[in-house]
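Dear colleague,

I am handing over the structure below, together with its sequence. Please look it over first, and then read on for what was found in it.

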Amino acid sequence: MPITNQQITGRVFLRQMYDDSYFPDHVVDQGKTILLRLCERVEAERPTHLESLYALTQAATEEFNLLDREFVAAGSGIETVAREWICDEFCFVASAYGFTEADAEELTAGRDW
């Protein structure tokens, strides 16, 4: 399902990670895919309450938990700065779909990075 939200289609997700050579592009690509898949799910399921959105972001957070292993295997990792960048992307997604009151910590509550 193609994404229709113009804010999302115009976004370069994880730009800062691509700009930092510490993060291998092929692993960052996987993170970008997770975020785009989250957007597809939001558009398909059309959550109307924050709890429904948080369920979707929790699933994406779990994917990032697994992706951290890929970063580590490539000599990198989701450390403090990357954590903030990724969380900012989750907040952007929430806002782009009208959830401006979403709590940044709740969006990625299950993270272990």
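How are α3 and α5 oriented to each other, roughly parallel or roughly antiparallel? This is a predicted model, and in it the axes of helix α3, residues 25-45, and helix α5, residues 80-96, cross at roughly 20° and come within 11 Å. Because angles under 35 degrees count as roughly parallel, α3 and α5 are roughly parallel to each other. The crossing in which α3 passes α5 is right-handed. On the α3 side the contact is made by Leu35, Leu38 and Cys39, while α5 contributes Glu89, Phe90 and Val93.

The cysteines deserve a separate paragraph. With a disulfide taken as a pair of cysteine sulfur atoms within 2.5 Å, the count comes to 0 disulfides. Cys39, which is one of the α3 residues in the contact with α5, is in no disulfide, and the nearest cysteine sulfur, belonging to Cys91, is 13 Å away. Cys39 has a relative accessibility of 0% and therefore counts as buried. For Cys91, the closest cysteine sulfur is that of Cys87, at 6.9 Å, which is too far for a bond. Cys91 has a relative accessible area of 27%, so Cys91 is partly exposed.

Methods: Residues are numbered from 1 along each chain as its sequence is written. This is a predicted model: local features need pLDDT of at least 70, side-chain atom pairs count only at pLDDT 80 or more; totals for chains, interfaces and linings use all residues. Side-chain values use heavy atoms; hydrogens and water are left out. Axes are lines fitted to C-alpha atoms, for helices over the stretch in contact, and angles run from 0 to 180 degrees between N-to-C directions. Helices (H or I, at least four residues) and strands (E, at least two) are DSSP runs, numbered from the N terminus. Angles under 35 degrees count as roughly parallel, over 145 as roughly antiparallel, 65 to 115 as roughly perpendicular and the rest as oblique. A crossing is left-handed if the near helix is turned anticlockwise from the far one by less than a right angle, and right-handed if clockwise. Contact means heavy atoms within 4.5 Å. Buried means under 20% relative accessible area, exposed over 50%, partly exposed in between (1.4 Å probe, protein chains only).
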